[in-house]
Amino acid sequence: MAATILHGVGATTALSSINYNNSRRSLPERKRTSLVIQCDGSLSSGLNISNNRGAKLSTNAVAQTKQENVTASTTSKPGHELLLFEALREGLEEEMERDPHVCVMGEDVGHYGGSYKVTKGLADKYGDLRVLDTPIAENSFTGMGIGAAMTGLRPIVEGMNMGFLLLAFNQISNNCGMLHYTSGGQFKIPIVIRGPGGVGRQLGAEHSQRLESYFQSIPGIQMVACSTPYNAKGLMKAAIRSDNPVILFEHVLLYNLKERIPDEEYVLSLEEAEMVRPGKHVTVLTYSRMRYHVMQAAKTLVNKGYDPEVIDIRSLKPFDLHTIGNSVKKTHHVLIVEECMRTGGIGASLTASINEHFHDYLDAPIVCLSSQDVPTPYAGALEEWTVVQPAQIVAAVEQLCQ
Amino acid sequence: MYIHKRRSNKEIIGGSITKRRKIDGRNQNEHCEATENRVACYRVLDDHGYPIAGTTFDQVDEETAVRMYKSMASLEIMDSIFYEAQRQGRVSFYLTSTGEEGISVATAAALSPHDIILPQYREAGILLWRGFTIQDFANQCFGNEDDHGKGRQMPVHYGSNHLNFFTVSSPIATQLPQAAGVAYSLKMDGKDACAVAFTGDGATSEGDFHAAMNFAAVMEAPVLFICRNNGWAISTPISQQFRSDGVVVKGQAYGIRSIRVDGNDALAVYNAIRAAREMVVREQKPVLVEALTYRVGHHSTSDDSTKYRSLKEIEEWRRSRNPVTRFRKWVESKCWWSDEEEAQLRGTLRKQVLKAIQIAEKIKKPCLEDLFSDVYEQVPSNLRQQEKSLRQTINKHPQDFPSDVPLH
């Protein structure tokens, strides 16, 4: 499985570093500081800064305030290169170091280091209790995480594959999302539930699920999807520090993406989208693996004379309508590219949301490219055709911009 | 001659096991359905409240015994009045602990206030013992602005962070895996406390029960599982719930020490829970206690149990096997309680509950803002937008909106 992942991601590695440099300087002016910002613009200082080791938080790398901008770019170190799964681990380790209440639980997360090696080495460093191997019962260890969170810990529950978390749906929906509310605010649930999902390379239908579709309706939870080593680490840290239950969606095929990330500590906002490539003809909204298909299509589109604006929405619940809205007001055309099924996916909700808020700015109906409403077949060629390909994205943009 | 050499048993995973020579379907020992050889039940007081000769138990002192009795009686009275209030339409829903008062009160008395309770829904006696006032109960049932839960849950879904009692969540058995998490947290902090998770007989059929037991055993989590086997899961009798000898044998399957106790004998429950708790905290391992009892009341106010069981059966348990009466007889035999005190308690309590209901009924409901708060740590913009939209609708059509919900 490792070999196929590397094979699948080889083509996209180069793209990610290119995307990154563009995105650092290109967001519209918006006040940023080194703390986390909510999407309504208010500063959240409710972080658990209980054990501040004096490390200066570097400025948010997506856009910067004027003065900090200058200092950061002249004195920041070159950073270090790592793979996405290592970035997740680095974020996790930094948070475990900072706050003794942070713990990890899941199947094979301990000495085995996790099936995707996100927790490798942590059990040796923090012990068996803080990096806990559980029996195979997703509903139970998710429930266990909830009970632990209600009693003051900050657990990270790892689903070996997001699809298995369907077994934990009861705990996630009825308890995780609800107990803060139904207890009248008496009990909080600062849990992070994470794991790989999405269509891989011939993993079979049950291991190729897009659970963000099913979870998006649950009130009380937040959902984010990482797509680069940089945002993976930043979102992991933000999710752990958040007092709300957060589901962090990783993608099976993105774990071996390589990127250079800053040495300084940074935390990203859970509610912000990422401007990947500014443009003016069409707003392309995407997340997770589809970001790379979109960027590949973007290369072709640029050669054909189009100027697409690509936004990685990152925050699946709630949507960053501020960033998305600004883009729609500029380009007046929207293309959503997702891996979810056509029915009831993130794209469906996003379409409804944009129509509701920005209908007047649209010059054409929103186009949404999704996977078909079929279980993912095992046969490689068939599987490839259930996922939106760059050629389809190019065709869709051409048609939209006519 | 060919000599068979015994091979080492160490090759078998899980440790050495004695081998057997054959399989015999007619052998009684193969059968594990409930037979006459049922697991014995710990009991201290007989039906008349006298200690059974030869039983080992720790005495409770007068103060604790009287407090236990008063709590059990209070629970009984509170339940009957709230039940009536529901029948009169003043409360939307209620669930009594009738017949099971001994379990919750005696358990609460035997635990430490630092032990964290994960209830099912018939454990109000624990809250009563720990200091939840009658007014608190009434406020939750009426969902008014003084309710700790801010009126968001249905009646009897009490919760109190302060009293270490997790808010009741309706789905059955979901609290059981959470208990392992609570225990994990306590273990990490090295606290002298345990998680106490309640379940009914019906809940033991849920997958969560089995996985939670397994987890607690493997993780060596300090969880005390208490199963109130009251014979009925709404209309399903235990003969249709499982075919094992009750719930106590299930603990053994997971490697958990288990004990069966007479749930209607408050003194036995007190002793059993005390011993179990000590084992749990000292050895940091789970223990299962099955308390045999009977659900005298209906499942809830939405149920009429005479439809599926005989009145005669219900009355027999209500009258001659009542845990409150049984404990009272014992307390009276020690001259710690009298008829006068009984009359006074019942009179005062009745007035207290009625008054609490009257007050709770008049307190205003939580304001509209509380519909949207606590979904997240801070109210996000989409919810603020939805609140604004709702307020606009209310302004346009005030006559269609309930008048007892304050807007601010």
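How much area is buried between chain A and chain B, and what percentage of that area do carbon and sulfur atoms give? In this predicted model, the area buried between chain A and chain B is about 3700 Å², and carbon and sulfur atoms give 61% of that area. The model scores ipTM 0.77 and pTM 0.80.

**Extent of the interface**

- Chain A brings 45 residues to the contact, and chain B brings 40 residues.
- Three residues, A:Met144, A:Tyr181 and A:Gln186, supply 18% of the area that chain A buries against chain B, which is more than any other three residues supply.

**Interactions across the interface**

- Between chain A and chain B, 17 residue pairs are found in polar contact, with both residues at pLDDT 80 or more.

**The side of chain A that touches chain B**

- Two or more residues each come from strand E4 (102–106), helix H4 (122–130), strand E5 (131–133), helix H5 (138–150), helix H6 (169–176) and helix H7 (179–182) of chain A.
- Helix H5(A) gives the largest share of this side, with nine residues.
- By residue class, this side of chain A holds 19 nonpolar, 20 polar and six charged residues.

**Confidence in chain B**

- Chain B has a mean pLDDT of 91, and 93% of its residues reach 70 or more.
- Over residues 1–10 of chain B, the pLDDT is below 50.
- Beyond near neighbours in sequence, the stretch of residues 1–10 of chain B has five contacts in the model.

Conventions: Residues numbered from 1 in each chain as written. Chains lettered and ligands numbered in written order. Predicted model: local features only at pLDDT ≥ 70, side-chain atom pairs only at ≥ 80, totals over all residues. Heavy atoms only, no water. Contact = heavy atoms within 4.5 Å. Buried area = accessible area lost by both parts, 1.4 Å probe. Polar contact = N/O pair within 3.5 Å; in protein donor to acceptor, adjacent residues only side chain to side chain. Helix = DSSP H or I, 4+ residues; strand = E, 2+ residues; numbered from the N terminus. Nonpolar A, V, L, I, M, F, W, Y, C, P; charged D, E, K, R; others polar. pLDDT = per-residue confidence, 0-100.
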